[in-house]
Amino acid sequence: MGIAAEISTPARPLASKGQVKGSEHSARSLIFLGLLWLTLFIAMLALLVLIITTLIQGAPRLDSRLFTEYPASSPARAGARPAILGSIWVIATTAVLTIPLGVAAAVHLEEFADRKNRLNHLIELNVQNLAAIPSVVYGMLALAFLGLIGVQNKNLVIAGATALGLLILPVIIIATREALRSVPADIREASLAVGATPLQTVWRQTLPSAVPGIATGAILALSRALGEAAPLLLLGALVFVSYDPNGLLSGYTTMPIQIFNWTGRPQEQFHVLAAAASILLLALLLAMNGLAIYIRNHFQHRW
Amino acid sequence: MENISSAERVSGAALAPAGAGAVTGPPEPRISLASSAKRPGEAVTRVILAVAAGITVVITVGIVVALIIPSIGFFREVSVGEFLFGTRWAPRFADASFGVIPLITATVWTTVMALITAVPLGLGAAVFLSEYAPARLRAILKPVLEILAGVPTVVYGLFALQFVQGTLFRDILHLPTGSFSVLAAGLVMGIMIIPTVASLSEDAMSAVPHAMRQGSAALGANRMQTSIRVVFPAALSGIVAAIVLGISRAIGETMIVAIAAGGQARIVTGPLEQGQTMTGFIANAALGDSRVGSLEFDTLFAVGLLLFAITLLMNFISIRFVRRFREAY
């Protein structure tokens, strides 16, 4: 923004009073910039304090017991093994259920849908709205559905994965659409010009070009599902699991639910355990975020 | 994965006629697109893709139906007026009463606290990123800011309960407060929604045409004056959309308030009191083993319906405002 400084220079002799007020280095201007820096500083500080306090509190119990032991009534013997395995089961199932569906929906909306069609307009508006519905509502949807088909035991991997899948479906659709939109029209036209059908064009040209963007969006969406607890709370995931989950119909608990459970106990040692599990969860999520950013920066095509 | 396999099937069979048509047929550019309607495999795959998109509508309809049916059961027992305007929430007591006002007051308190935190911080960050930060600094600051949105809400809840309420409010500041407060929950919730407010506002500010900034500079305005008097008003609809979306997220956030705001449903009159929000009640009720069709189960859905209706309204307001700034430039 060097323009402002350059242009204000000739104006100086014309308005001597405005020169003080209008300068980049006037007191008010500097205070304003200082305030902007302060807002960023506070936001970063909050993040830093959160990470440091969690690290300090949880470090004593961040050991192998966390990975090998089952939940127990004595904090010294308790671990998060079933919760870690449960999270892996639920998130893997969510990914398998949601990513193909989300990509298919996005391909329809971005590549084939007639924009003037009212139904497509409605679907677009609806996807935007779904992305902002509170996560707990998705848990209620799954709960009501299980009640409808008469399932008594709500604590099933497939039920939790479905609720989380519905939650992140709009996120995946929106990310995939953006990735598809950034592929230049020239590529589609060239493909069509050499005789490929519209679907061949999508499958062999547009989608492969959009893979980095789709992967970034999918990883971010799954990391959101990994940290989510509210819908699973409604689906009975807050249970005492003393076995390894082993299938889609298995009972389960997840890491966020285990953290919530330990946070609610009166004993201080359980809070330490909650912080230790939080460190693990934060590390996992940061790694996923980092991977997403890495893919975005290193594999994304620049047209 | 059905669409993928049929796409492969189509690709082998369809290539030859398309190529032949391009060579021998009349030189009309749109012929390949039009002819696709005659390929059954291609048409089937397109239908599958359209169905995938249509599922999103089914989800919304499912949510509405899933919330309304148990709520009808609830409103047979409790009148709508008693629910919306009653001031005592005690669904599990012997003399049960179902006035939702206490839950609303707690929700309003946590949401207002969250906005007081998130709006100045989020807008400040947005102005800095859009108007001041050089490209390289932006490339570092934006992902770091986004991390705030990626921290799991249970971790925020633990932070609000242990550090903000326990260490900061009680041990360091000696505030007259108990184990929980709507202030601690709201403050931390505000930190969580900073990226929501910041990124959408920044999009809106970045969309303001550069010519407007140059025009402002040509009149002798500095960057502060340009930011406040030109860019900010021009981006206002996007900023409003960002704030409304922030409100929607704060109202719907569950785990932070379930952990740190408290569990007693009473009318909240001050920020240091504890209180149960709508989502806090839902989370709490979910822990009890209420049977399908019982009044407890239906109560859960009546509160869920109210929550859904409020956030739906907020989302549509937000989408409206986003449309407006997208159309303006």
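This is a predicted model: local features need pLDDT of at least 70, side-chain atom pairs count only at pLDDT 80 or more; totals for chains, interfaces and linings use all residues.
Me: Switching to chain A. Where are the domain bounds there?
Reply: Domain 1 of chain A covers 2-60, and domain 2 of chain A covers 75-299.

Me: How far apart are the C-alpha centres of those two?
Reply: The C-alpha centres of domain 1 and domain 2 of chain A are 37 Å apart. Six residues of domain 1 of chain A are in contact with six residues of domain 2 of chain A. On the domain 1 side, that comes to three nonpolar, three polar and no charged residues.

Me: Back to chain B. How many helices and strands?
Reply: Chain B has 14 helices and two strands.

Me: What share of chain B counts as buried?
Reply: 50% of its 329 residues. As for contacts in chain B with a separation of 6 or more, 75% are between residues 24 or more positions apart.

Me: Pick a helix pair. How do helix 7 and helix 8 of chain B cross?
Reply: Their axes come within 9 Å and cross at roughly 130 degrees. Angles over 145 degrees count as roughly antiparallel and 65 to 115 as roughly perpendicular, so helix 7 and helix 8 of chain B are oblique to each other. The crossing of these two helices is right-handed.

Me: Which residues make the contact?
Reply: From helix 7 of chain B, B:Tyr156, B:Phe159, B:Ala160, B:Val164, B:Gln165 and B:Phe169. Helix 8 of chain B contributes B:Ala184, B:Ala185, B:Leu187, B:Val188 and B:Met192. By class, the residues of this helix 7 and helix 8 contact are 10 nonpolar, one polar and no charged.

Me: What about the loop between them, which residue there is found in it?
Reply: B:His174 is in that loop, between helix 7 (153-172) and helix 8 (182-206) of chain B. B:His174 is not a glycine, although its phi is positive, about 50 degrees.

Me: Is B:His174 buried or exposed?
Reply: Exposed, because B:His174 has 8 C-beta neighbours inside 10 Å, and a residue counts as exposed with 12 or fewer.

Terms used
Residues are numbered from 1 along each chain as its sequence is written. Chains are lettered from A and ligands numbered from 1 in the order in which they are written. Domain bounds come from an automatic or database domain assignment. Two residues are in contact if their C-beta atoms, placed from the backbone, lie within 7 Å. Ala, Val, Leu, Ile, Met, Phe, Trp, Tyr, Cys and Pro count as nonpolar, Asp, Glu, Lys and Arg as charged, and the others, Gly among them, as polar. Helices (H or I, at least four residues) and strands (E, at least two) are DSSP runs, numbered from the N terminus. A residue is buried if 20 or more other C-beta atoms lie within 10 Å of its own, exposed if 12 or fewer, and partly exposed in between; C-beta atoms are placed from the backbone. Axes are lines fitted to C-alpha atoms, for helices over the stretch in contact, and angles run from 0 to 180 degrees between N-to-C directions. Angles under 35 degrees count as roughly parallel, over 145 as roughly antiparallel, 65 to 115 as roughly perpendicular and the rest as oblique. A crossing is left-handed if the near helix is turned anticlockwise from the far one by less than a right angle, and right-handed if clockwise.
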